[in-house]
Amino acid sequence: MIERYTLPEIGRVFSDAHKYELWCRVETLVMEAHAAAGTIPADSVEPVRQAPPPTPERVAEIEAVTQHDVIAFLTAWADNTEPREAAKWVHFGMTSSDLLDTALAAQLVEATDILLAKADALVAALRDHALAHKDTLRVGRTHGIHGEPDVWGHRVADFAFGMARSRDRLRRAREAVGVMAISGPVGTYSNIDPEVEAYVAEKLGLRPADVSTQVVLRDGISEWVSSLAIIATVCEAIALEVRHGQRTEVRELWEPFGKGQKGSSAMPHKKNPIMSERICGMARNVRAQIVPVMEGIPLWHERDISHSSTERISLPDAAIATDYLLNLTTKLVTGLVVDADRMRANLDSTHGLIYSSTVVSELIETGMSREDVYALVQTAAMRTWDSGAPFRETLREEAAARGATLDEARLDEVCRPERFVRRLSGVFERLEKLA
């Protein structure tokens with residue numbers, strides 16, 4: 001991921017320097033297990049443990065010759081070991097994927113914990129915003145067209161629960177991706193005792209794979225990337241709502257607009273929803289990683305490396321972009337400006353047409369057939385659309401033309417916007433408990 005969208009904490013997790021730190025950690029733990037079992041000399045462990053991780057530059061220099069990243073790392077690290085003789089026991093009984101997959105699992109778990117903390121913060125921000133607006137009346141829309149009265153907090157509550165579910169999927173995916181293997185060239189433990197694998201897993205807080213060949217099957221990693229894509233897409237849904245709400249014709253919502261901020265190089269009046277648009281664009285990048293990673297599940301025989309080049313790009317990009325999205329979406333929600341007066345004005349802008357459904361129900365209760373009621377109400381509604389006359393006025397005229405009598409007092413009661421949201425208390429009670 002480019003620097004523009006990489007926040008420092010998660011950027012370090014996916015840095016080459018940190019990767020080599022993890023590789024050193026895995027190799028040292030393997031040596032500890034071997035030494036405890038008497039497989040290698042006990043005095044070889046400490047010199048290796050004390051050897052500083054090789055620099056990315058030194059590993060790259062050696063890899064340019066060897067064309068093998070693990071061998072380049074082992075050589076560079078051996079050069080840092082005193083005495084160098086101790087380094088011969090590093091990687092004993094292992095194959096490259098034992099190191100790569102185990103360190104990758106630790107890396108992805110580390111990244112996941114950063115993402116989960118930010119997902120928690122976004123859930124809390126959405127919850128608090130929704131509760132603050134549980135009485136803020138607005139019109140509910142379907143297909144972008146006014147439907148019935150609603151409250152803004154109801155819409156945001158849906159996002160809050162959606163993000164909470166998405167966060168919980170990531171928690172489950174953390175278990176799926178925290179799987180390692182140190183089982184030798186084709187996973188048969190031919191040169192390494194399973195107790196070594198168990199020891200390393202415990203020390204790293206990972207779980208040994210139920211079975212591995214030379215690699216851990218990529219279904220868990222695919223699940224992880226898919227969970228990130230869902231999080232990103234829920235962020236996009238939130239941002240899309242803000243983009244619609246900030247349109248000039250709507251003007252119900254505004255992104256935070258800082259002092260000195262500029263909306264357009266040509267039109268000084270512009271306040272564009274740039275945060276929301278960036279969120280929507282970045283979500284595409286996360287979703288785009290699902291298929292390349294999933295195609296790493298089928299490999300030739302026990303293992304090829306067609307997944308390797310893909311994962312070097314897709315896994316950091318998916319995690320770093322999701323981290324950026326969670327951070328930016330939280331800023332969007334906490335800084336969001338809600339124009340309650342404009343929401344109410346928009347609710348009333350169709351001259352009462354949003355009460356058509358409740359009028360249908362009310363007239364059916366008077367004894368009229370559904371067909372007659374629908375024809376009456378639709379005709380009145382179309383006249384309101386065409387003329388701008390109040391819906392109650394066109395309704396009254398159409399009813400009189402059909403010889404029907406309206407109970408005006410009753411219609412006054414059922415056409416109050418508060419009546420439409422009176423049963424939402426259970427939603428907000430559940431929302432208050434959301435953590």
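Tutor: Start here: Asp69, Val70 and Phe73 in helix 5 meet Ser96, Leu99 and Leu100 in helix 6. Contact means heavy atoms within 4.5 Å. Helices are DSSP runs (H or I, at least four residues), numbered from the N terminus. This is a predicted model, where local features need pLDDT of at least 70, side-chain atom pairs count only at pLDDT 80 or more, and totals for chains, interfaces and linings use all residues. Residues are numbered from 1 along each chain as its sequence is written, and side-chain values use heavy atoms, with hydrogens and water left out.

Student: At what angle do helix 5 and helix 6 pack?

Tutor: About 90 degrees, with the axes 10 Å apart. Axes are lines fitted to C-alpha atoms, for helices over the stretch in contact, and angles run from 0 to 180 degrees between N-to-C directions.

Student: What sits in the loop between helix 5 and helix 6?

Tutor: Pro83 is there. The peptide bond from Glu82 to Pro83 is cis, with omega near -5 degrees.

Student: And which residue other than glycine has a positive phi?

Tutor: Gln67, with phi near 55 degrees. Gln67 lies in the loop between helix 4 (56-66) and helix 5. Most residues other than glycine have a negative phi, and most peptide bonds are trans.

Student: New topic. Where does helix 12 bend?

Tutor: At Arg312, by about 30 degrees. The bend is the angle between axes fitted to the seven residues ending there and the seven starting there. A proline, Pro316, follows within four residues.

Technical notes:
Helix = DSSP H or I, 4+ residues; strand = E, 2+ residues; numbered from the N terminus.
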